Amino acid sequence: MSEIETDYLVVGAGASGMAFTDALIASSDAEVVMVDRRHRPGGHWNDDYPFVRLHQPSALYGVASRPLGHDRIDESGINAGFYERATAAEICDYYGRVLDEQFVPSGRVRLFGMHDHLGNDASGHRLRSRVTGKTTTVRVRRKLVDATYIESSLPSTHKPAYTVESAGLVLTPNRLVDLDEPASGFTVIGAGKTSMDTCCWLIEQGVDPDTIRWIRPRDAWTADRASIQPLRLIGAFIEWVAAQNEACAQAESLEELFPVLEDRGVLHRLDPAVEPVFNRGAILSETERVMLREVGNVVRLGKVNHVGADRIDLDEGTIPNPIMSWSTAPPRDSPRHPIGACSTRIGSRFSGSRLA
Ligand SMILES: Cc1cc2nc3c(=O)[nH]c(=O)nc-3n(C[C@H](O)[C@H](O)[C@H](O)COP(=O)(O)OP(=O)(O)OC[C@H]3O[C@@H](n4cnc5c(N)ncnc54)[C@H](O)[C@@H]3O)c2cc1C
């Protein structure tokens, strides 16, 4: 067991831990030890589905000392007319460069990647390597900084909240890019941004929206990407913030607030006939909203409890699972009608205070 000392111990090298450390070393001469169980900085972006991008422009993300992206405006695709949005690979590369080109050369920051923070006792904080099992004790002169507070649980790294009859029956969105045989259709489970991204990606790949079945236990409010732009397009953002403030000043209760936010164009619904019941800040362009409305087969029977080979049980009913037959031998373990599990939980410790 080895022992080291530092001013600050930052647990988590995701966006939160990296932004904190960046600001700290810019404004002090503090020494920092960072620890993360992943092998490199970037947090959840290391494990996200490959077609994920930032919801908002790259210019609005990252650490203060280094811009992310090149402030280009996209000329085509679902983000046309808006500032570029980094992919997960770009985000991870960016945080890797912040570490390698700024933090490490400063001589004041060390990252213990592939290490778990196990807690602390009288001798200090214990970090254990996932590779060697060796333990390092860190004596902290100033503060422990918990940058795991809004840690996400992802479909690719966490089990779904429902049971699945057999392995391979449900794919995470990460696995969609591995499909090597056409599917007869897709069932997408989830109401949040990951399921929205998955449906858009399928449609972009040429999947007929009529062959997508979307199990959406509840509907989400979404913000318009046109309203969340920096730099030359900042005017719309200022109007958006002003409209939010005016709506908040006008409404007497949460029930009154959301209709006003909608009237003022602050929030948008996917299905004009269904009032959303939660808001987790999903941002969509109008092009994406139009694409998502093409998926007409939306199942609103509450949450999924069980996925079986021929049926899916939900809180309020059962629907058939059309994985009935295989016209050819199944490709590896990919089902002919893939079911995508898309529920991403962000900051589960906050979930009790969310609008629902
Ligand atoms: C798919 C997806 C898309 C998103 N898109 C956006 C977006 O476009 N814009 C936006 O603003 N936000 C977005 N978010 C929200 C996201 O939560 C934040 O952007 C941000 O990445 C969160 O960073 P974090 O550092 O707080 O958490 P994480 O990225 O979850 O990082 C926490 C880190 O702590 C480490 N850790 C936890 N416990 C321990 C321990 N005991 N020992 C060692 N290490 C530990 C984990 O390994 C992890 O790497 C998105 C979230 C998801 C899941």
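We'll begin with the ligand, then visit a helix, and finish with a single residue.

First, some ground rules: this is a predicted model, so local features need pLDDT of at least 70 and side-chain atom pairs count only at pLDDT 80 or more, while totals for chains, interfaces and linings use all residues. Residues are numbered from 1 along each chain as its sequence is written, and side-chain values use heavy atoms, with hydrogens and water left out.

Start at the ligand. There are 26 residues around it, and Ser16, Asp36, His55, Gln56 and Tyr61 come nearest (being near takes a heavy atom within 4 Å). By type, the shell splits into 8 nonpolar, 12 polar and 6 charged residues; here Ala, Val, Leu, Ile, Met, Phe, Trp, Tyr, Cys and Pro count as nonpolar, Asp, Glu, Lys and Arg as charged, and the others, Gly among them, as polar. Helix H1 (15-26) and strand S4 (115-121) each supply at least two shell residues, and S4 gives the most, with 3. Helices (H or I, at least four residues) and strands (E, at least two) are DSSP runs, numbered from the N terminus.

Now look at individual atoms. An N or O atom in the side chain of Tyr61 is 2.5 Å from an oxygen atom of the ligand. A polar side-chain atom of Trp45 lies 3.4 Å from a ligand oxygen atom, and a polar backbone atom of Arg37 is 3.1 Å from a ligand nitrogen atom. The protein covers 89% of the 990 Å² of accessible area that the ligand has on its own (areas come from the Shrake-Rupley method with a 1.4 Å probe).

Next, find helix H3, residues 193-204. Its 12 residues reach 16 Å from first C-alpha to last, close to the 16 Å expected at 1.5 Å a residue (that is, 1.5 Å times one less than the number of residues). H3 is largely enclosed by the rest of the structure, because 11 of its 12 residues are buried. Buried means under 20% relative accessible area, exposed over 50%, and partly exposed in between, with a 1.4 Å probe and protein chains only. Among the buried ones are Met196, Trp201 and Leu202. Their cover includes strands S10 (186-189) and S11 (212-215), as well as helix H6 (286-293). Just after H3, Gly206 takes a positive phi of about 100°.

Last stop: Glu239, in helix H4 (residues 234-250). Is Glu239 buried or exposed? It counts as exposed, because its relative accessibility is 59%.

How values were computed. Polar contact = N/O pair within 3.5 Å; in protein donor to acceptor, adjacent residues only side chain to side chain. Contact = heavy atoms within 4.5 Å.
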